[in-house]
Amino acid sequence: MFRRVPFIEQMEHSECGLASLAMILNYYGHKITLTEIRERYGVSKRGLSLGNLLEIGNDFHLKCNVYKGKLTELPFSMPAILYWENRHYVVLEQLGKNYSTIVDPDSGRRKISIEELEKKYSGYLFQAEPDEGFEIRKKKSQWGFLLSFLKGQTSFLVSLILISFLLQGLGLLIPQLTQWITDQVILPSKSEYLTIFGIGILGLFLFHQLFSFLRSYFIVLLQTKLDLALMTTFVTQLFHLPFSFFENRKGGELVFRANSNVYIRQILSSKTVSLVIDSILVVSYACLLFYQEWHLGLVITLLSLILFLILTLSARWTRKLTDQQISAQTKTQAYLTENIFGICDVKVLGAEEKVRHHWHDLFTNQLAINKKHSLLTSAFDTISSGIQFTTPLLILWMGAGFVLGGNLTLGQLLGISALSSAFMVPIISLSSSYSQFIILSSYIRRLQDVIESKPEENKGEIISPLSGEIELRDVSFKYGYFSENVLSDIELHIRPGEKVAIVGASGSGKSTLAKILIGLYKPQEGTILFDHKQLNDINIQSLRQQVGVVLQETRLFHGTIQDNISLFDKKIPMEMIIRAAHMADIHQDILEQPLGYRTMVSEGGSNFSGGQRQRLLLARALLHQPNILLLDEATSALDNVRESNVKRYLSELRCTQIIIAHRLSTIQHSDRILVMHEGKLVESGTHEELLEQRGFYHTLYTSQDT
């Protein structure tokens, strides 16, 4: 029997290999999420090689083989992983004479022609099958964390269900009233009951309006509660994830995931209640129909069942398109966000039309998928509406024979006809709820990528104040499980108050070492100590709050100058902000702005010069008088006069200073200069001592125009 390969979507641009292997593992019964396998092996920024896939497969007790050649000539079984377009991995699910099916971790399952397969297949195939020791593992429910939010709103849910039940119960009265007024009022010509019936209709109207308002009120309250709980949980988890999580993900994509919380709470708040009520109503209506006339009840039930099957099947078929819709929308939004943020580069390169064309291609693809989805949905809606339209007429046609035969009254027939229409409503609602929950799983996958990722551990000891002593013992670091070391065997001891400069050629590991020091990256080997305490045992937030940092990635936010220096902390006195601005030699520049410290800063600080941006960031780092100051190319955009002023102010600070600089003239008076080369510390000493050694530092110094 043919089994489908479960689709697992890649969440980072370089993890198509991990996602493809995760699909193979799930296919053979080892249910594992992409988050779990990523936590174990990490993801290199350059992706995985076939050799890496072999090693991972062997770890999971898969019998793995790599083949090279034409697919028609290779002895393999499916599913298998194909190297695709010389840059990507996909899973080959089926191979036919004219068509084949692939599962692309980037865009989902699709059917392609053999011609396209041969064109895009890059000649390498990876096959993996269970070997001795392979573990069958059950799937963890993806709904658990969502249901936990509903459990916290039990009182609202119970109230909603009771109100909805009373409201929907009116549907049971209408067929009975239709039968009564036909048989007891219209046919016997008893006009005296019309007034009573009119008053009854008014009462039902008021009852309906009151409980409809109450239902809407409770839904709004529930949605507000769910919004707060979902978004708080998501954003809290997001901002506590390690820096490495954000490096391989686009900002626009993460914003899209955050916004999907709105869609999720709409389904949870309305469809969960509808599911309960509609199920009760379907059973109630069915019992009433069979009680009235079982022949007609059976026909109506069968027609409703056909309608339900059509709608639920459409949900299954449209889920694939929904996955593609979300993927296409995410790519389009992420690309647009990225280029709006990088508009300066787009303008400088004169690339407006190139960007627009690429966006147009992405958006056109998104619209094409939307069109397919809409057409398929419309086709199923047409069929279902046709069944709904003809069912009452069919019941009247069949029931007429029962009325003429004396087995039913006219009122009973009209009541059954009204009941059949009412019966269709919860059937359609149930199928709609099913469809929504099917689609919901596509959004949940993206939320789980955030919710299930391992946050930074932040339960260590709070050290305050730091003396500024730092020690690295045999520290090595690499970005991924299969990557080469970026830092190797770093041994370093920085004394409290010491001014240390780190220099080296581009790519030597200077910036990586800076991020290691403040815990943005965790080394695979070695130990980092602050004041003789291991970094892993220190509360990381309390540590960073005592370290003034300006990295190359540090940026300004949209807000006032005051907000940017204080980082939107309204409790910080203005005197502290002005003092920090003086030390960064930016105070006079601020006073020259139209609104002084209240002047607005554009996103990224684009309305300030490069030197001004750097000095504003430096002011932010100096605000709390840090015990350790870490600067990575923090003065590279300053002219000689400004840089000299900043150096003079920094020299007055009584704190440990670690300065990474490319211009060697700026660090000549440091207490110690460390030279890095290919991830290792190769030289250490003062400016004069290093020049005398005539080693790496001498080469760097003499190659610059000093």
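Reader: What share of the contacts with a separation of 6 or more comes from residues 24 or more positions apart?
Author: That's 74% in the protein, a contact being heavy atoms within 4.5 Å. This is a predicted model, where local features need pLDDT of at least 70, side-chain atom pairs count only at pLDDT 80 or more, and totals for chains, interfaces and linings use all residues. Residues are numbered from 1 along each chain as its sequence is written, and side-chain values use heavy atoms, with hydrogens and water left out.

Reader: OK, and how many helices and strands are there?
Author: The protein has 22 helices and 18 strands, taken as DSSP runs (H or I, at least four residues, for helices; E, at least two, for strands) and numbered from the N terminus.

Reader: Switching topic: what's the strand order in the open sheet of four strands?
Author: S8-S7-S10-S11, with antiparallel pairing; two strands pair if DSSP finds at least two bridges between them. S8 (487-494) and S11 (533-534) are the edge strands, each pairing on one side only.

Reader: How many bridges link S10 and S11?
Author: Two, with S10 covering residues 525-530. Leu529 has Gln534 in S11 as its bridge partner.

Reader: And which strands does helix H14 touch?
Author: Helix H14 (residues 510-517) packs on the sheet against S7 (470-477), S8 and S10, and its direction makes about 120° with that of S7. Axes here are lines fitted to C-alpha atoms, for helices over the stretch in contact, with angles from 0 to 180 degrees between N-to-C directions.

Reader: Last one, how far does the C-alpha trace span along its principal axes?
Author: About 120 × 70 × 50 Å for the protein.
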